[in-house]
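Subject: Model for you to look at

Hello,

Here is the structure I promised to pass on. Please open it next to this message and read along.

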Amino acid sequence: MTVISNVVKGLGCVLFPLALAAPAHAADVEVLNWWTSGGEAKALGVLKDDLAEKGIGWKNMPVAGGAGTNAMAVLRSRVASGNPPTAAQILGFDARDWAQRDTLANLDQVAQEQNWSEVLPQALQEFTKYNGHWIGAPFEIHSTNWVWGNKALMDKLGIEQPKSWDDFLAALKKAKDAGYIGLAYGGQPWQDATVFENVVLASGGADFYRQALIELDENALKSDTMVKAFDQLRELLTYKDSNSSGRDWNLATALVINDKALFQIMGDWAKGEFDNAGLKPEQDFVCFRTPGTQGAVTFNSDQLIMFKTDDPQQKEYQETMAKTIMSPDFQIAFSQLKGSVPARMDLSADKLDACSQKGYEQVKQAADADKLMGSLAHGYAAPASVKNAVFDIVSSFVNSNMDSQTAATQLARAVQGAKS
Ligand code: BGC
């Protein structure tokens, strides 16, 4: 052992594979995920620590890239080579896809013991179950129609929390005129699409969002309302800086954290970054629903899916992971660090911060009003083929001078093509 570690020390990471020769208990479960930012990694640590307390060793398999863009390719190749990880982080339609290929373990027993069907919102159960069987343990509920704002900058510039779209634009303009970045923006396709789904909801409301991005109705996709959504997106883009191309989401959040930018439109994983920087909601930063989207929530949820195995011990570990993730204490502890709200709707919000308390209540209200709708950018509105087609059109729009009418026409065409 000493010899090996000395050699490893001497040669640095070249001999990293030697670490794989460690005793089995050092890595009893291998978990693929894309939680690599400061806040995300801290939240994932809650699972690792809980498992360690239960005597289960952890091998992390992080694949950087927001929204899982890169992680999914790695997962496919691992499964294709007959070597799946024990478990993987996954989003809605992708979870269904793996279930359809008959690759996933059945979590019915744990789900029954913990009464999942009573505590999870119906809109989420559509994706945690397949053909009547439980396939994924949800860590949380995230939502994408949030704005994150720098409180000191708002105070300095005399900006109140915007209530309407016009107020929102006026605030962005004020920041820009004062020499700040109005909108912190990450120019990656999934981030373009995250902002896009916000403007679709803001310009057309919940029914329109559902028709266009969930039901994929051709007339809605090419409608005047969609043209208006692209117009709104074009206007928003005038408030980003010119270095946004390719920027990671957490670096965009850092612009708000570091007093460089006023607002960011982003899912509530952004709050994990504020927390990680030691900032407090309402005191140092503000959170509010994107103006024009109040009452509706575009959600996503990270689930842990388990790959089928014949090894009884692996099966036991998989069940323990599922049970741990859905336990009330874990759901709270994880969301406190991740920025999300619990996936379970039956918990006390006392230990959540002001943003998450508000968010938890809004998710419940939206669920009751049938306005808890899947996020397109984060895999809960349409299958990957359609999602990627939308990414292509929206990012072409963002990175060119394409007019809104052309964008809406192309969007409708691309979605029809991807559907068939
Ligand atoms: C996931 C979040 C993650 C974010 C950024 C989303 O799709 O649901 O858990 O923090 O992507 O990577």
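This is a predicted model: local features need pLDDT of at least 70, side-chain atom pairs count only at pLDDT 80 or more; totals for chains, interfaces and linings use all residues.

Residues are numbered from 1 along each chain as its sequence is written, and side-chain values use heavy atoms, with hydrogens and water left out.

**Whole chain**

The chain has 19 helices and 14 strands. These are DSSP runs numbered from the N terminus: H or I of at least four residues for helices, E of at least two for strands. The C-alpha atoms fill a box of roughly 60 × 45 × 45 Å along the principal axes. The radius of gyration is 22 Å, which agrees with the value near 22 Å for a compact globule of 420 residues. That radius is taken over C-alpha atoms, and the globule rule is 2.2 Å times the number of residues to the power 0.38.

Of the 420 residues, 54% are buried. Buried means under 20% relative accessible area, with a 1.4 Å probe and protein chains only. Contact means heavy atoms within 4.5 Å. Of the contacts with a separation of 6 or more, 76% join residues 24 or more positions apart.

**Ser375**

Where does Ser375 lie? Its place is the loop between strand S14 (372-374) and helix H18 (384-398). Ser375 is buried, at 0% relative accessible area. Its side chain reaches the backbone nitrogen of His378 at 3.0 Å. Not counting residues up to four places away in sequence, Ser375 touches several others, among them Glu197, Tyr209 and Asn300.

**Ser356**

Ser356 sits in helix H17 (residues 354-368). Ser356 is also buried, with a relative accessible area of 3%. A polar atom of its side chain lies 3.3 Å from the backbone oxygen of Ser340. Beyond four places in sequence, Ser356 is in contact with Lys271, Gly339, Ser340 and Val341.

**Helix H13**

Helix H13 covers residues 249-257. Which of its residues are buried? They are Trp249, Ala252, Thr253, Leu255, Val256 and Ile257. An α-helix has 3.6 residues a turn, so residues three or four places apart point the same way. The buried residues of H13 pack against several elements, including helix H2 (38-53), strand S8 (146-150), helix H10 (189-214) and helix H14 (270-276). Just after H13, Asp259 has a positive phi of about 60 degrees.

Best wishes

Terms used
Buried means under 20% relative accessible area, exposed over 50%, partly exposed in between (1.4 Å probe, protein chains only). A polar contact is a pair of N or O atoms within 3.5 Å; within protein, one must be able to donate a hydrogen and the other to accept it, and residues adjacent in sequence count only if both atoms are side-chain atoms.
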